[in-house]
Structure formats: C-alpha cells, structure tokens
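Open the structure in your viewer and keep the selection tool at hand. The stops below are meant to be taken in order.

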Amino acid sequence: MASLPQPDPPWLEGLNPPQRAAATTLEGPMLLLAGAGTGKTRALTARLAQILATRAAWPSQILAVTFTNKAAREMRERLRALVGDAVEGMPFLGTFHATAARMLRRHAGLVGLTASFTILDPDDVERLLKRIIGEAGLDERRWPARQLAALLDRFKNAGKLPADLDAADAHAFADGRAGELYARYQAELRGLDACDFGDLLLHMLAIFRTHADVKAQWQARFRHILVDEFQDSNAAQYRWLRALAAPAEGGTATLCCVGDDDQSIYSWRGAEIGNILSFAQDFPGTRVIRLEQNYRSTGHILGAASAVIARNRGRMGKTLWTEAHAGEPVAVIGVWDGPEEARLVGERIERLQREGAPLSDIAILVRAMFQTREFEDRFLQIGLPYRIVGGFRFYERAEVRDALAYLRATLAPADSLAFERIANTPRRGLGEKSLARLAAFARTAGLPLQTAAGQLAETDELPGPARSGLRGLVADLRRWRALAPTLRPPALLDLVLDESGYRAMLEADRSVEASGRLENLRELARAMEDWPDVESFLEHVALVMDNDRDDAGEKVTLMTLHAAKGLEFGHVFLPGWEEGVFPSQRALDEGGEASLEEERRLAYVGLTRARRRATILHAANRRVYGQWTSAIPSRFVAELPDAHVTREMTMTGGASLWRAAMMGEDDPFAHVARGTGRGPGWSRASAQPQHARTIEGRVLASTVGGAPRTDIAVGARVFHQKFGPGTVTARDGNKLEVAFDHAGTKMVLDSFVQPDAAV
Ligand code: ATP
Ligand code: MG
C-alpha cells in the first residue's frame, strides 16, 4: 500500500515553493531577496520554526536579528503559536543592540568593563560629550555636543575606532580634534563602566580580534543565524555577522539574510546597501532565493508602488505580481492647506470606522515628525483616539516643551517649573550648584523662582558667570513680557527663540535630529497662528495634553515612514506629498541623486504598507513663517501611473466663500478682513478653520500636478477658492499671476482656479 503524503506541519502550510525552500533548506548561506509584502518575514519565521521543530538547533543556538524590539516580540509570538514552548529560552532573538549587549555582558572584563556595565542612552551621551568638549577648552556653542554625538555614531557604525580615523574624519569636528575627543570619550566611558549603543558591537568586534578562543566559542554556538531587514544593516553590524557566521572548526553555522534593496532607507544612519551586493562574494555557495508574489496589497497599490520605484536607477530590479484583485486605485487628493488635509483625513477615518474598520488597522505615515501636529490637533478636537509610534506626541517633544516653557516664563513670572526648565537651556553659566542655591533662596524667601532670580542676580551670592547669565535671562523675560501684547503669538515665539539663543543652539548643530527639532519649532509657530493670544494657545495645549491619557483601546497610528518598515495596515494615509516635505528639503538640497533615490524608496515603503487602500494627500498651500506659500506637488505624485490612481481635488476651502458670495453677502471677504485688522485679510480666513469650511466633501476631478490647463488665458476672468474673483495678468507654466478684486495680486496654481463662467 502506497504511503499517504505527509500533511504539512503548520509552519509550512500555505507557503509557496520558494518560501518553502527558504524555510527548509537549512544548509549553507542563504540570501532571500525580494520586494515588499512577498512574505520574507513570514518565510524567515517559518525557517525558525523548522529549525526548532526539527531540532536542527537548540533555541539557545540560534541568533535571530530583527530591526526593532517590537518585531522581535511579534516573531516570538508567531513562533509560539507555531511550535509552542520550543520558543522559550531563545536568548538571542532581538535587535542587533539587544543581542550584542547580551553577548558582551559575558566578556565585559576583556574590554575593561564589569558584567553590569550601563548602556547610556543618547541623552546621557550628549551630556557626557558636553563636559568633554568643555574640558577640552572648546566652546560648546560653536562645537555642539549633539553634533559630536552624531559624528561618533557614524564612526562607530562604520566600525571605526579612534585609531582608525583618517585626516578627513578627524577634521569633521573642532578643526581636526575629532580623534582626540573620541579617544577621551571612550576613556570616560570606561571610567563610568558604561558604553553607548555603537560600543555594543565594536567591543565584541575588538574581543573577536584579540581573543580567538572567544570568537571560536560563539561561532560554535550559533548553528543558525537569521537576519531580517538586512538591507539596512551597517558596516559594523555586517562585520559582526561575518565574524559569527564563519564556521569554526567542525561547525556548520549557517547564515540566512532577508532583505529588499528597494527598502533601504537608513543610509543616513550608516546603513550600507552594499552589504547585500557583497553577501554572495563573502559567503561562497550562497543560495539566492527570490520571491515575486506579493500577498499583502491589492493590484492597484502594488502597481502604483512598483511604477514609482522603477524610476530608481541604482537598484537590482525585480518583478512583483499579485493574485489579489485590483482593489481601489490609490487615491491622490489635492487639498487646500494643512488644516484641510487633517480635517479630510479625520473624516475619512471616521467613515472607515463606521464601515467597521478597526482603528488599529489605519495608519498615517509622515515623512517628518513635525507633520503629526496638524493631525493631533484635529483628532483631539473630534475625539479620535491616536497614538504616535516611535516618538512623542507633538506637544511632549523636548524642544516644543522648552519653547512653551519660555512662553510660560515670559507671560507668567510665577511659573517656577517653566523657569527651571529654561534657566540653563541654552547654557548660560548656571551650573547645578548655582541652580540649587537659587532654589533654596526662593524657598526660604517664599518667592517664585523668577522673582528670586531677579533679586539674587543683584547680589554676590553667585559666581560671576552664573550671576550675569541669570541677570540676562531675567531682563530678557521682562522685555519679552512688555512686548508680548504688541506681537502676534508666532512673532512672540520667534522673538523669544531668537533672542534667547535657543534657535541658534539648534542651528549650530548639523545633525538630522536637530533639523527635525527646528522643523518642530516652525510647526509650533504655525500652530500658534490660529490663536488670538498666547494665553489661549497655552491653555489649549494644557487641555490637549490632559486629554487622552489612557493607553488602552483602539487607536489610529501616526508614525514616520521610517518607523513603518516591515509593518502593514489595511488603510494607509500618506500626507504631505509636496516638494520640500517629501522629498524632504534636506534631500533636495544636500544629497543629489542618491538622496532622491532614498526618498523614492521611502515612497515605495509607504505605499506598500497598505493592504487595501492607500490615500496620498498634498496641499496647495503651506504656512511658512506666518506667510502662505504655494506648495508644489511632490514629483512622486507625477510619477504615479494613471492606470493605478485617481486624482481629485477638494473644493471645500473656497466653496464656502463662493457660497457666501452667492448668498448675497456684499463682500465675502469682509468678515475675514475684520477678523485681523491687518491685510491681507485672507490669511486669517483659514486661521479659523471651522468658520471657513462648512460645506463638506465637494470633490472635483482635476489635473492636480498635471499639465497646465489650456482653458485659461491671460486676461481671463477667474474665480479662486480662497482669493475670490480676479483677472489673469500673466502665466508661467501651470502658475498664474492673478490680480484679485479683493486680495491683490498673487501667484496661484491654475488647478485652483476656475474660469469665471463656470462659477
Ligand atoms: P516587507 O518587505 O514589508 O517586510 P515581507 O516580505 O516581510 O514584507 P510579510 O510581512 O512576511 O512580507 O508578508 C506580507 C503579508 O503577506 C503578511 O500578511 C503575510 O501573512 C502574508 N503572506 C506571506 N506569505 C504568504 C503566503 N504564502 N500565503 C498567504 N499569505 C502570505
Ligand atoms: Mg518583512
């Protein structure tokens, strides 16, 4: 009697042939190279289950590296569902950092640390570097600690120790002193029995170099090494993997790396796409497996994403197909401005909710953190629960809190918490001792800190630098307080940030993080535009922050495109697809073609997070420093193929003005002008979003970002959503210069006007 075919074990069920090969071929090096949503992570998890279930290795003999701790937790849970308790005791399932830290604890003595060494977080690192910079006789304002921290991180990602730096490296900071400061920093760390994230790998690499026995021990231990998101590994990480994966004598270590060159988005943190390219050479006999069937997304989403990424030249190239139905085309929606973008997304989410979509299956993916503010304000207003992954809520971010503290200390001299927060930020010579003395004096005198500071600064109680620092601050606060009633809220903020040196402190710092902080401060100014005075704005913030404390329950996810790697959602919103936002200004200014290609990979990552529906938004106007500027749709919008997208444009912003005109109001802009007392009045119109936008959801098909329209010539009468009626005086591509009857002469996009006859 012929034996019946064995049923598949649960972890192999439903896998396609190449996935199955990846899961069951347990000999030799393997590279699983495939596009988004093709089941790479799923195949990797099946491979782990196969190893455990067939006892190819004990749980402790497996090194499995994921990109985030969250991904590691998910993998552990999926494994538990597949193979049960066999997953227990997998100490080396985690991120590069987590697994390396675990190894290093066992050998800490070899690099002069104890087994209980501390791992410093970036804040600690910065504080330590500040001290070192000061002790080296350098001015920290000129040579900021954060910049040095970023530089050292780069060296470490590249696997460079102080001795490995070349002249160019050394000159990257403080006129050639980078190496000296780096060495000093490492010595300090050792003295503190501490290391930073980069050291976790570098110390192990150093130990491998000097202690062959330790290296052999680990090589013998790890029978299987698995790495997800390999395209974003850096040089140090790859070196570490190579050291571990080289089979020791008699060993059979196998290395299986999984990645997608099209999703490499961390080059700014030292990721080396080249690791994928050199893998097959570094590991002779590598079996390369490619997956081409996408299981995640609908046909339209996949078609749109594939077309965008096809524009990149530096890629390996691959085909993707899906059996899924075409689904709905990707929606590209042109909106009037940021508030409308947030309002529209809020509405669509509420609609999805009514249709039964869980909020946890909905995500808004932004290019830069500052973009979350508009959505947070809107969601709090309509009571839509959200969470921010990979960062703080807007008003909780350090620089935003600092700025708010400056405003509070300006307007409310009794707010001692605010004063304490800003007293020595940026640094003005007030050490811990001076601050403690000030606090003690305030307490005994029963005075708010700021008042006490004013008095103390006139005495000789404090050392000279602290005294003059304090005196300067108190005088600044007084001056700002006197000016406050004469300034619009954002202008007061700008004054305070400029005169306090706070903005200069961030500007001196060229790191990516600092530019994100500056963006957040600009966004804060934008948020303040909508408020008549700073007090009511501060009250709004306090109320907003009081809201939504509970962490349980269904929530919409707001996160950056970077943080969304590897995840998937039923519905994805991609706002801010405008030149200068996405692609980012930094990429446009600094990186040339390579940066642009990385931005395009981000677009690909964003689109491919969506299972059912992707919605791209771009605003025609953004407020920059209190001025409206027209925004140009992202080049990626134009790169989306018509076959897979619908393009539409909302008319809500102008429609209410139009209605007001039709309803017989003499001058539809009259209320607007009255609102501000200064011209041009229209800018206040959208400062009061509720007021100006009462007609919901009128959507017109249009050619946003497309060719100039031909139906509008110079001399034509047109109606613009925001500025009302006017006469075209010139045209430049799809931009029109229009002399508006009520709003003066403006440059506008032709897609936002209609021939007057149509109105
Ligand atoms: P990314 O590149 O975004 O990390 P990925 O290649 O790792 O994606 P997975 O997350 O593993 O892809 O899989 C994407 C989706 O497809 C998941 O929902 C997964 O469960 C599903 N999937 C993967 N393989 C199969 C399969 N053989 N049959 C059915 N569904 C599958
Ligand atoms: Mg994955």
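Begin with Arg 296 and ligand 1: a polar side-chain atom of Arg 296 is 2.9 Å from an oxygen atom of the ligand. The protein covers 84% of the 630 Å² of accessible area that ligand 1 has on its own. Keep in mind throughout that this is a predicted model.

A polar side-chain atom of Tyr 295 lies 3.4 Å from a nitrogen atom of ligand 1. Next, show the backbone of Thr 38, where a polar atom is 3.2 Å from an oxygen atom of ligand 1.

Now select the whole shell. Ligand 1 is surrounded by 19 residues, and the closest are Lys 40, Thr 41, Gln 263, Glu 568 and Arg 609. What kinds of residues make up the shell around ligand 1? Three are nonpolar, 10 are polar and six are charged. Colour helix H2, residues 40-53, to see the element that gives the largest share of this shell, with three residues.

Turn to the sheet. Six strands form an open sheet with parallel pairing, and their order is S3-S2-S6-S7-S1-S8. Strand S3 (93-94) and strand S8 (287-291) are at the edges; each has a single partner strand, so one side of each has no neighbour in the sheet. Select strand S1, residues 30-34, together with S8: the two run parallel and are joined by five bridges. To look at one residue pair, pick Leu 31, whose bridge partner in S8 is Val 288.

The next stop is Asp 509. Look for this residue in the loop between helix H22 (502-507) and helix H23 (512-529). Is Asp 509 buried or exposed? Its relative accessible area is 4%, under the 20% limit, so Asp 509 counts as buried. Beyond its neighbours within four places in sequence, Asp 509 is in contact with Pro 144, Arg 146, Gln 147 and Ala 514.

Finish at Leu 588, in helix H25 (residues 585-607). This residue has a relative accessibility of 30% and therefore counts as partly exposed, a class that lies between the 20% and 50% limits. Apart from neighbours within four places in sequence, the contacts of Leu 588 are Glu 579, Gly 580, Pro 583, Leu 596 and Arg 635.

Methods
Residues are numbered from 1 along each chain as its sequence is written. Chains are lettered from A and ligands numbered from 1 in the order in which they are written. This is a predicted model: local features need pLDDT of at least 70, side-chain atom pairs count only at pLDDT 80 or more; totals for chains, interfaces and linings use all residues. Side-chain values use heavy atoms; hydrogens and water are left out. Helices (H or I, at least four residues) and strands (E, at least two) are DSSP runs, numbered from the N terminus. Buried means under 20% relative accessible area, exposed over 50%, partly exposed in between (1.4 Å probe, protein chains only). Contact means heavy atoms within 4.5 Å. A residue is near a molecule or strand if one of its heavy atoms lies within 4 Å of it. A polar contact is a pair of N or O atoms within 3.5 Å; within protein, one must be able to donate a hydrogen and the other to accept it, and residues adjacent in sequence count only if both atoms are side-chain atoms. Accessible areas come from the Shrake-Rupley method with a 1.4 Å probe; for residues, only the protein chains shown count as cover. Ala, Val, Leu, Ile, Met, Phe, Trp, Tyr, Cys and Pro count as nonpolar, Asp, Glu, Lys and Arg as charged, and the others, Gly among them, as polar. Two strands pair if DSSP finds at least two bridges between them.
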